[in-house]
Amino acid sequence: MSDQHSAHQSFETLAIHAGNTADPLTGAVVPPIYQVSTYKQDGVGGLRGGYEYSRSANPTRTALEENLAALEGGRRGLAFASGLAAEDCLLRTLLSPGDHVVIPNDAYGGTFRLFAKVVSRWGVEWSVADTSDPSAVRAAITPRTKVIWVETPSNPLLGITDIAAVAEVARTAGAKLVVDNTFASPYLQQPLSLGADVVVHSLTKYMGGHSDVVGGGLVAADQALGEELAYHQNAMGAVAGPFDSWIVLRGIKTLAVRMDRHSENAGRVAEMLTAHPKVTKVLYPGLPDHPGHEVAAKQMRAFGGMVSFQVAGGEEAAVEVCNRAQLFTLGESLGGVESLIEHPGRMTHASVVGSALEVPADLVRLSVGIESGDDLLADLKQALG
């Protein structure tokens with residue numbers, strides 16, 4: 001984090017100012033887009049500001065990385081070309097052939113695919129556990145377990161994991177706890193303060209917030225681990241470009257106010273769906289009857305903008321709801337200012353079909369945007385019929 005910004009400053013202040021120092025040449029209040037590949041050196045080995053080649057470091061990316069570290073309360077932030085690029089770097093840094101990972105039973109489909117189809121090919125084993133139950137996580141650990149992977153809230157079933165409890169399980173086992181904080185964002189939840197070792201983000205989602213950029217991020221609690229991750233980031237090369245870094249930085253400045261509105265609208269949507277006769281189940285941690293509600297209330301500022309629900313009539317009925325929606329755009333991804341609707345079983349989570357992570361066929365997932373809540377409710381009602 002920049003020396004100019006204190007860890008004691010409020011989140012909203014850090015979101016706008018951390019890493020965003022005025023341009024020393026012009027005084028521009030927004031950091032420039034350093035669209036450059038290489039840098040003039042002051043003599044052989046005399047790097048100006050530590051920059052030599054933009055895969056290794058770029059001033060715009062540095063600004064974003066400092067901002068990420070500040071918002072998550074970590075020692076080192078790193079920005080990547082995508083969320084999965086960040087995950088790949090993390091796993092290849094932490095794991096060796098023969099190691100074992102515990103993953104959630106409701107992980108994001110792309111994360112599952114990375115473990116099942118890519119990482120496993122070089123000798124890393126994995127097993128599935130219900131991470132909402134610390135005893136289930138403990139039971140899944142082997143002597144070779146090096147990483148426990150958590151999503152909370154999870155995608156798409158909105159499961160909640162007690163981060164502090166699982167962090168204790170990880171410490172006892174000598175494993176690293178990785179928390180995918182994409183659904184919550186650091187405004188709603190800060191896993192490092194609860195004992196996690198590394199936070200993962202798809203910056204594409206709430207951090208960017210406008211469906212106009214793809215990016216990923218890691219924040220490490222420990223400086224030494226952060227440096228090791230930085231070494232692999234440079235060696236592997238899937239870095240965030242300067243323009244993408246700049247776009248994410250711009251999005252983060254309004255993260256707090258956006259998340260407040262996302263959460264408010266999602267709460268209204270969840271309440272409406274709960275009372276709808278064609279909805280059989282609503283998955284939202286803000287509902288008092290959600291099994292993870294008390295834990296979520298303890299470790300989150302609010303409950304976020306993601307809502308999933310199951311409909312009467314099965315898979316085809318769920319698909320029809322998605323097709324009939326008008327204001328909710330049928331599309332993958334999430335976290336933008338506009339509302340999205342999708343069928344996870346056929347779209348974002350098709351890769352887990354037939355596995356222990358397969359999602360219900362009658363499930364619909366919503367990314368509730370910041371439009372008028374009344375208009376969103378009206379659209380869902382007509383879509384449900």
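We'll start with the whole chain and then click on a few residues.

**Before you click.** This is a predicted model, where local features need pLDDT of at least 70, side-chain atom pairs count only at pLDDT 80 or more, and totals for chains, interfaces and linings use all residues. Residues are numbered from 1 along each chain as its sequence is written, and side-chain values use heavy atoms, with hydrogens and water left out.

**Stop 1: the whole chain.** Switch to cartoon view. You'll find 13 helices and 12 strands; these are DSSP runs numbered from the N terminus, with helices being H or I over at least four residues and strands being E over at least two. The chain is as compact as a globular protein of its length, because its radius of gyration is 21 Å, close to the 21 Å that the globule rule gives for 385 residues.

Now try a surface view. How much of the chain is buried? Buried residues make up 54% of the 385 residues, where buried means under 20% relative accessible area, exposed means over 50%, and partly exposed is in between (1.4 Å probe, protein chains only).

Stop 2: Select C89 and C322. C89 is buried, with a relative accessible area of 2%, and C322 counts as buried too, at 3%. How many disulfides are there? The count comes to zero, a disulfide being a pair of cysteine sulfur atoms within 2.5 Å.

**Stop 3: R250.** Next, select R250, which sits in helix α9 (residues 242-252). Is R250 buried or partly exposed? R250 counts as partly exposed, since its relative accessibility is 44%.

**Stop 4: M272.** Move on to helix α10 (residues 255-275), where you'll find M272. M272 is buried, with a relative accessible area of 12%. Which residues does M272 touch? Leaving aside neighbours within four places in sequence, M272 is in contact (heavy atoms within 4.5 Å) with L377, L380 and K381. Pick L380 to finish: L380 and M272 are 108 residues apart in sequence, yet 9.2 Å apart in space, C-alpha to C-alpha.

Terms used
The radius of gyration is taken over C-alpha atoms; the globule rule is 2.2 Å times the number of residues to the power 0.38.
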